[in-house]
Amino acid sequence: MVSTPKRLLLVEDDAHDARFVMRAFAQVDETIDLVLAADADDAISRLARTHFDYVLLDIKMPGSDGIELLRRIRRGQATVLIPVIVLTSSSNPTDVLHCYRAGANAYVAKPASVAGYRHFAEAFVRFWIENTILPPGMTTRR
């Protein structure tokens, strides 16, 4: 079975962290189309114009934070079912709870090393792309 390339929206305001994530995914699976949004407004705009299969979301951002963005994603008819994985530097139990209550599918602390980012990308691909069955219609491009 030939799989369709996946489009992943990375919502990350820190350029260094974004570069680490993008490099790790490029090394692990070159078919993933990873698109960067630097803040919540940019992410909402991109989600309105383009189909994404997954969202990787930092919660600590200026302006609208990631938790509010997650709530907005879950309220949107076209985005309600997109898997949202929180990838953030916070391991605060309150942040974890707020994210799951807002509709996060998973919560992951950012790795402390470049090798850690690669390990995260490998695990993401293995679980979310190779093994997870998404609801019907989720792989249809708009």
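Me: At what angle do the axes of helix α2 (residues 40-49) and helix α3 (residues 66-75) cross?
Reply: The model is a predicted one. In it, the axes of α2 and α3 come within 10 Å. They cross at an angle of roughly 20 degrees.

Me: Are α2 and α3 roughly parallel or roughly antiparallel to each other, and which residues make the contact?
Reply: Angles under 35 degrees count as roughly parallel. The two helices, α2 and α3, are therefore roughly parallel to each other, and their crossing is right-handed. On the α2 side the contact is made by Ala40, Asp41, Ala43, Ile44 and Leu47, and on the α3 side by Leu69, Arg72 and Ile73.

Me: How is α3 oriented relative to α4, and which residues meet there?
Reply: The axes of α3 and α4 are 9 Å apart, and the packing angle is about 15 degrees. That makes the two helices, α3 and α4, roughly parallel, and α3 passes α4 in a right-handed crossing. The residues that meet are Ile67, Leu70, Arg71 and Arg74 from α3 and His98, Cys99 and Ala102 from α4.

Me: In what order do the strands of the sheet lie, and which strands stand at the edges?
Reply: The sheet is open, and its 5 strands pair in the parallel sense in the order β2-β1-β3-β4-β5. Two of these strands have a single partner each, so one side of each is left without a neighbour in the sheet. Neighbouring strands are turned against each other by 20 degrees on average, direction ignored. The strands at the edges are β2 and β5 (106-109).

Me: Which strands does helix α5 (residues 114-131) touch?
Reply: Helix α5 packs on the sheet, and its direction makes about 145 degrees with that of β3. The strands that α5 touches are β1, β3, β4 and β5.

Me: Across which strands does helix α4 (residues 93-102) lie?
Reply: Helix α4 runs at about 150 degrees to β5. The strands that α4 lies across are β4 (84-88) and β5.

Me: Is strand β1 (residues 7-11) buried or exposed, and what is the bridge partner of Leu9 in β2?
Reply: Buried residues account for 5 of the 5 in β1. Both faces are covered, with Arg7, Leu9 and Val11 on one side and Leu8 and Leu10 on the other. Strand β1 is joined to strand β2 (residues 33-37) by 5 bridges, and the two run parallel. Within β2, the partner of Leu9 is Val35.

Me: Through which helix does the chain cross from β1 to β2?
Reply: This β-α-β crossover is right-handed. The helix through which the chain passes is α1 (residues 15-28).

Me: Which residue in strand β3 (residues 54-57) stands opposite Leu10?
Reply: Strands β1 and β3 pair in the parallel sense over 4 bridges. The residue of β3 that stands opposite Leu10 is Leu56.

Me: Which residue in β4 is the bridge partner of Leu57?
Reply: Strand β4 has 5 of its 5 residues buried. Val84, Val86 and Thr88 point one way from the strand, and Ile85 and Leu87 point the other way. Strands β3 and β4 run parallel and are joined by 3 bridges. The partner of Leu57 in β4 is Val86.

Me: Which residue in β5 stands opposite Ile85?
Reply: Strands β4 and β5 run parallel, joined by 4 bridges. The residue of β5 opposite Ile85 is Ala106.

Me: Which residues does Met22 contact, leaving aside its neighbours within four places in sequence?
Reply: Met22 is found in helix α1. A relative accessible area of 32% makes Met22 partly exposed. Its C-alpha atom is separated by 9.7 Å from that of Arg118, 96 residues apart along the chain. The contacts of Met22 beyond those neighbours are Leu10, Leu34 and Leu36.

Me: Which residues does Arg46 touch, not counting residues up to four places away in sequence?
Reply: Arg46 has its place in helix α2. With 24% relative accessibility, Arg46 counts as partly exposed. The C-alpha atoms of Arg46 and Leu9 are separated by 8.5 Å, and the two residues are 37 residues apart along the chain. The residues that Arg46 touches are Leu9, Val35, Leu36, Ala37 and Phe52.

Methods: Residues are numbered from 1 along each chain as its sequence is written. This is a predicted model: local features need pLDDT of at least 70, side-chain atom pairs count only at pLDDT 80 or more; totals for chains, interfaces and linings use all residues. Side-chain values use heavy atoms; hydrogens and water are left out. Buried means under 20% relative accessible area, exposed over 50%, partly exposed in between (1.4 Å probe, protein chains only). Two strands pair if DSSP finds at least two bridges between them. A crossover is right-handed if, with the strands pointing away from the viewer, the path from the first strand over the helix to the second runs clockwise. Axes are lines fitted to C-alpha atoms, for helices over the stretch in contact, and angles run from 0 to 180 degrees between N-to-C directions. Angles under 35 degrees count as roughly parallel, over 145 as roughly antiparallel, 65 to 115 as roughly perpendicular and the rest as oblique. A crossing is left-handed if the near helix is turned anticlockwise from the far one by less than a right angle, and right-handed if clockwise. Contact means heavy atoms within 4.5 Å.
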